[in-house]
Amino acid sequence: MKLSILVTSFFTVTAVQAQSLLNATASYPQLSNFTELLSTFPDLAAGLLTSINTGLQRQTVLVPSNDAFDSYRQQNGASISSLSSSDVGNILNYHTLQGALSSSDIQQPNGLVSETALRNSTYARRENATDAGDSLPQVVYISSTETPTGRKIKARQISALSSVDVRSGEGNAIELEQTPGNWSGGVFYVVNGFLTLPVNQTDTMTAANLTAFVRGLVRTNVTEGTNAARGLTCVCPDNQAFEAISNSNDNLTDGPGSLLATVSRHGLTGSYYTSNFTDGDIIQSQNGYPILVTRRNGSIFLNDARLVGSNYIANSGSVHALDRIMGFLNTTTNETTPANASIYDNTSNIPTPTPMTTSVTSSDGVIPTSDATDNQILPSATETGASGSAAGGDGAAPTGSTEGTSSATSMRGLLTGASVVGTAFVMSLFVL
């Protein structure tokens with residue numbers, strides 16, 4: 001009798017594990033459009049994740065609700081199923097996160113950067129010179145905040161504790177319901193919109209209304225180089241702050257006081273997100289200037305500039321907005337000299353960059369200083385002396401992830417229930 005119970009329990013648990021994504025989502029009436037989309041593109045559903053198939057890893061799928069399909073149709077004048085199979089494939093890849101993320105995973109205090117299955121080089125160009133040619137997948141940024149009633153994601157709320165903010169291309173965000181569903185290859189979450197495929201750096205800046213910085217790139221003739229770069233973070237002063245310097249600066253390219261040097265000083269090699277701006281770290285700009293990261297009263301500062309917009313996902317990395325042009329850090333005292341108009345009036349006061357002797361850390365690992373200029377996006381970066389939602393908090397300017405593991409099964413498992421969990425794989429062949 002006990003043996004019979006054990007066998008029955010094994011088959012019951014295995015059947016749950018072997019449930020396909022198609023069958024798992026079919027029990028949610030609000031996801032009927034998603035199941036229909038998979039049926040419309042069977043070839044995509046059969047091979048979506050083969051590029052990251054590592055056998056025993058799992059994944060998280062963000063499943064758009066029927067409301068998300070309706071919103072897409074209203075905004076674009078056509079249904080998402082009218083797109084080409086390659087476009088739909090890229091979108092579905094972006095909705096597939098590496099690792100089975102739990103509810104606690106998506107509530108990291110500093111946010112979570114999660115890699116996805118999107119590797120198409122049009123949308124994913126995060127690798128840099130130190131990655132030895134390896135292709136890095138695109139990411140999404142998931143953030144949460146505390147409220148008087150508990151933890152929720154920034155800004156948007158469906159009910160008291162039921163939503164999470166997922167930021168994608170151009171900084172666009174969708175809401176994720178906090179309770180996951182289960183299927184044989186991992187988990188899925190219902191989202192109220194479609195993620196936006198990332199675009200290049202300057203288009204991302206424009207979407208974030210950082211147009212003065214874009215004009216600075218145009219004036220110094222480095223727009224093409226900026227958009228061609230791989231593995232890049234741009235920290236852009238907001239329009240008012242940047243125009244105060246750029247409009248009166250006729251020196252476009254000559255020396256450390258030039259406009260080119262200023263824009264170059266706001267470019268970082270590597271993909272930086274707010275979750276990996278670590279308090280006390282000193283990182284290096286593309287033209288060799290040190291930048292001290294400070295976290296204070298819920299705000300993030302780069303030298304004396306506060307992040308006022310963050311985690312705008314670009315195809316080659318990310319874009320953040322600052323409330324001012326970053327000042328010049330003295331690494332001996334950790335004090336910052338403001339980059340105001342007076343210092344530009346007498347450029348002899350502007351220090352020349354000093355190569356750092358420590359490693360430069362990015363979200364993609366440690367970038368040795370000797371390699372930090374191998375992937376320059378702005379021509380002046382090789383010359384001596386030349387280059388969302390709010391971060392929150394009211395901190396005074398200083399004077400000075402659990403990430404999803406690499407995944408997952410073939411998309412074939414989404415339809416057939418092919419499991420990645422040991423012995424359950426055998427059972428999944430029979431449970432559909």
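**Exercise 1. Surface and overall make-up**

Solution. The model is a predicted one. Its protein chain has 432 residues, of which 54% count as buried. The secondary structure of the chain consists of 14 helices and 21 strands.

**Exercise 2. One face of helix α5**

Find the buried residues of α5 and decide how they are arranged around the helix axis.

Solution. Step 1: helix α5 covers residues 66–76. Asn66, Ala68, Phe69 and Tyr72 are its buried residues.

Step 1: an α-helix has 3.6 residues a turn, so residues three or four places apart point the same way.

Step 2: viewed down the axis of α5, the buried residues fall within an arc of 160°, so they line one face of the helix.

Step 3: the face turned away from the buried side carries the exposed residues Asp67, Gln74 and Gln75.

Step 4: the cover over the buried residues of α5 includes α3 (32–40), β1 (59–64) and β10.

Step 5: glycine 77 follows α5 and has a positive phi, near 75°.

**Exercise 3. An aromatic cluster**

Which residues do ring pairs link into a cluster, and what is the geometry of the pair formed by phenylalanine 69 and phenylalanine 194?

Solution. Step 1: searching the whole structure gives six aromatic pairs. In the pair of phenylalanine 69 and phenylalanine 194, the ring centres are 5.0 Å apart and the planes stand at 80°. Planes over 60 degrees apart count as edge-to-face, so this pair is edge-to-face.

Step 1: phenylalanine 69 is in helix α5, while phenylalanine 194 is in the loop between β10 (186–191) and α7 (201–207), so the pair ties together parts that are 125 residues apart in sequence.

Step 2: the cut-off for buried is under 20% relative accessible area. Phenylalanine 69 has 7% relative accessibility and therefore counts as buried. Phenylalanine 194, with a relative accessible area of 13%, is buried too.

Step 3: tyrosine 72 also pairs with phenylalanine 194; the centres are 5.7 Å apart and the planes at 65°, so this pair is edge-to-face. Tyrosine 72 is buried.

Step 4: taken together, ring pairs join Phe69, Tyr72 and Phe194 into a cluster.

**Exercise 4. Nonpolar cores and charges over rings**

How many residues has the largest nonpolar core, and which of them have the most contacts inside it?

Solution. Step 1: the largest nonpolar core has 45 residues. Leu62, Ile142, Val166, Leu176 and Phe188 have the most contacts inside it. Strand β10 gives the largest share of this core, five residues.

Step 1: take valine 166 and leave aside its neighbours within four places in sequence. The residues in contact with valine 166 are then Leu62, Val140, Tyr141, Ile142, Asn172, Ala173, Ile174, Leu176 and Leu195.

Step 2: another core, of 27 residues, lies apart from the largest one; among its members are Ala229, Leu260, Ile325 and Phe328.

Step 3: the ring of phenylalanine 328 has the charged end of arginine 265 over it, 4.1 Å from its centre. Likewise, the charged end of arginine 167 sits over the ring of tyrosine 312, 5.4 Å from its centre.

**Exercise 5. Helix α10**

Which residues of helix α10 are buried, and what covers them?

Solution. Step 1: α10 spans residues 239–246, and Asn239, Ala241, Phe242, Ile245 and Ser246 are buried in it.

Step 1: down the axis of α10 these buried residues fall within an arc of 165°, so they line one face of the helix.

Step 2: their cover includes α8 (211–219), β11 (232–237), α11 (259–264) and α12 (341–345).

**Exercise 6. Asparagines with positive phi**

Locate asparagine 221 and asparagine 297, and decide whether each is buried or exposed.

Solution. Step 1: asparagine 221 has phi near 60°, a positive value in a residue other than glycine. Its place is the loop between α8 and α9 (223–228).

Step 1: exposed means over 50%. Asparagine 221 has 68% relative accessibility and therefore counts as exposed.

Step 2: asparagine 297, also not a glycine, has a positive phi of about 50°. The loop between β14 (290–296) and β15 (299–302) holds asparagine 297. At 59% relative accessibility, asparagine 297 counts as exposed.

Methods: Residues numbered from 1 in each chain as written. Predicted model: local features only at pLDDT ≥ 70, side-chain atom pairs only at ≥ 80, totals over all residues. Heavy atoms only, no water. Phe/Tyr/Trp six-rings, centres within 6.5 Å; stacked < 30°, edge-to-face > 60°. Helix = DSSP H or I, 4+ residues; strand = E, 2+ residues; numbered from the N terminus. Buried < 20%, exposed > 50% of the residue type's maximum accessible area, 1.4 Å probe, protein only. Lys NZ or Arg CZ within 6 Å of the ring centre and 35° of its normal. Core = buried A, V, L, I, M, F, W, Y, C linked by side-chain atoms within 4.5 Å. Contact = heavy atoms within 4.5 Å. Arc of directions from axis to C-beta.
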